[in-house]
Amino acid sequence: MSGHARARSSCAAAAMLALLAAAAEAQPDGAARREAPPVPRTADGKADLSGIWIATGALLLMEGEEALQAARDADAAAGRAPQPPPEPLPYTPEADATRQQYLARLGIDDPMARCLLTGVPRISFRPLPFEIVQLPERVIILYEIHHAFRIIPTDGRGHPEDMEPSYLGDSVGHWDGDTLVVDVTGFNEDTWLTGVGTVHSDQLRVTERYTRDTFDTIRYEVTLEDPEVFTKAWHVYETFRLRPNERIREYECIQSNEDLQRFERMLKDGSLE
Amino acid sequence: MTFRAIAAGVAASILAASAASAHHSFAAGFDGEKQITLTGTVASVEWTNPHIHFSIDVTGDNGTVTQWRFEGYPPNMLVRQGWRRDVTLKPGDTVTVFGWMARDEPNLGAARHVTLADGRKLAAGPPAGTGGR
């Protein structure tokens, strides 16, 4: 290549780079384009949910309001569809009256404050991370809170016949394309669904859908059905965020739980009034 | 003035009801309408779950020393925000604590921020109003 040809070639390359840079700057949101890694896949071709995750809403407590807003901005920049708005609880009048009683008592009856296992889906929203371990025939979720775990078979088996009512229920999963669908039933009546007073019966059935829609996020869609407390199905949505530099630590809730004595005192001394 | 307790009648900013709590709803133990800011000397630190607790000795205008006890996040949440056990907060340190008063105990509070002697302001516990979910 002659000197002139090399010079023309360099000029053309420089011009192309300038055009590309201009195109990148012309993104509608003004954000620099980031080449996100693709969603990882397991050897059998499924989207891999493995990793340490935390609910987006928990960032408020974990890192503050700015981090929460930054996460939402990142979702918009990545072109993720916005999360559906929260749905009101479709409680029967009786269930709503029960909830109002718990709200009036300011949450002192919260099973979680007694260090009892937090049920599904509430355990997914805590400000402590959880790890998903995806294996060919099961998915295991290790929650830092309560040091709890769920083993979710995905080999086609159904719920066992000898289920005992339990805090986390019994989970079985299957894959719908790239989405892990988990059917959870066999609950006791001793957990709340999301917030204060969100009671349920032992007829509760929870369907969770986990979809890793970007490298950094899992879309979490939950359908709750309970003919004893709901007039129709209730839907809850959240986004889980990858925590690449995180590890699951020990969390022993009952170590120094003074809340129960305090709540007893409050009931006696009229602090709730 | 080293002693400053503000029991403000101003309603605390209630954040999104969907915000998670670490262990129980804020309102179960504390009054979001009773803000408090105290400067004192750390007397003890209990680095335990489900909450840390620490006590500070606060000297009033008349020289009287009052001990206040504060509740905060569990250790795992503090560590993730940069706290270190026996390093960040230790007996003898002078700190300023912002938070809210307990409903039932006169010298107990929920710590929101701790400002250290070197000026660093660290999150110590949840905002008032959280815990609806």
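Which residues of helix α5 (residues 259-269) of chain A are buried? They are Asp259(A), Arg262(A), Phe263(A) and Met266(A), where a residue is buried if 20 or more other C-beta atoms lie within 10 Å of its own, exposed if 12 or fewer, and partly exposed in between, with C-beta atoms placed from the backbone.

The views below show a predicted model, in which local features need pLDDT of at least 70, side-chain atom pairs count only at pLDDT 80 or more, and totals for chains, interfaces and linings use all residues. Residues are numbered from 1 along each chain as its sequence is written, while chains are lettered from A and ligands numbered from 1 in the order in which they are written.

**View 1. Helix α5 of chain A, with its buried and exposed residues.** Helices (H or I, at least four residues) and strands (E, at least two) are DSSP runs, numbered from the N terminus. Seen down the axis of α5(A), the buried residues fall within an arc of 100 degrees, so they line one face of the helix; this arc is that of the directions from the helix axis to the C-beta atoms. On the face turned away from the buried side are the exposed residues Gln261(A), Glu264(A), Lys268(A) and Asp269(A). Just after the helix, Gly270(A) takes a positive phi of about 80 degrees.

**View 2. The hairpin of β3 and β4 in chain A.** Strand β3 (residues 138-143) runs antiparallel to β4(A), and 5 bridges join them; two strands pair if DSSP finds at least two bridges between them. Val139(A) has Ile152(A) as its bridge partner in β4(A).

**View 3. The largest nonpolar core.** A nonpolar core is a set of buried Ala, Val, Leu, Ile, Met, Phe, Trp, Tyr and Cys residues joined through C-beta atoms within 7 Å. The largest one has 80 residues, and those with the most contacts inside it are Leu49(A), Ala58(A), Leu224(A), Ile56(B) and Val97(B). Strand β4 (residues 94-102) of chain B gives the largest share of this core, 5 residues. Leaving aside residues up to four places away in sequence, Leu224(A) touches Leu193(A), Leu204(A), Val206(A), Ala233(A), Trp234(A) and Val236(A), a contact being a pair of residues whose C-beta atoms, placed from the backbone, lie within 7 Å.

**View 4. The side of chain B that touches chain A.** Here 27 residues of chain B are in contact with 37 residues of chain A. Helix α1 (residues 75-80) of chain B supplies the largest share of the chain B side, 3 residues. That side divides into 11 nonpolar, 11 polar and 5 charged residues, where Ala, Val, Leu, Ile, Met, Phe, Trp, Tyr, Cys and Pro count as nonpolar, Asp, Glu, Lys and Arg as charged, and the others, Gly among them, as polar. The model scores ipTM 0.82 and pTM 0.85.

**View 5. Gly119(B) in its loop.** Gly119(B) lies in the loop between β5 (108-115) and β6 (121-123) of chain B, and counts as exposed because it has 6 C-beta neighbours inside 10 Å. Its C-alpha atom is separated by 19 Å from that of Ala43(B), 76 residues apart along the chain.

Definitions and conventions
Contact = placed C-beta atoms within 7 Å.
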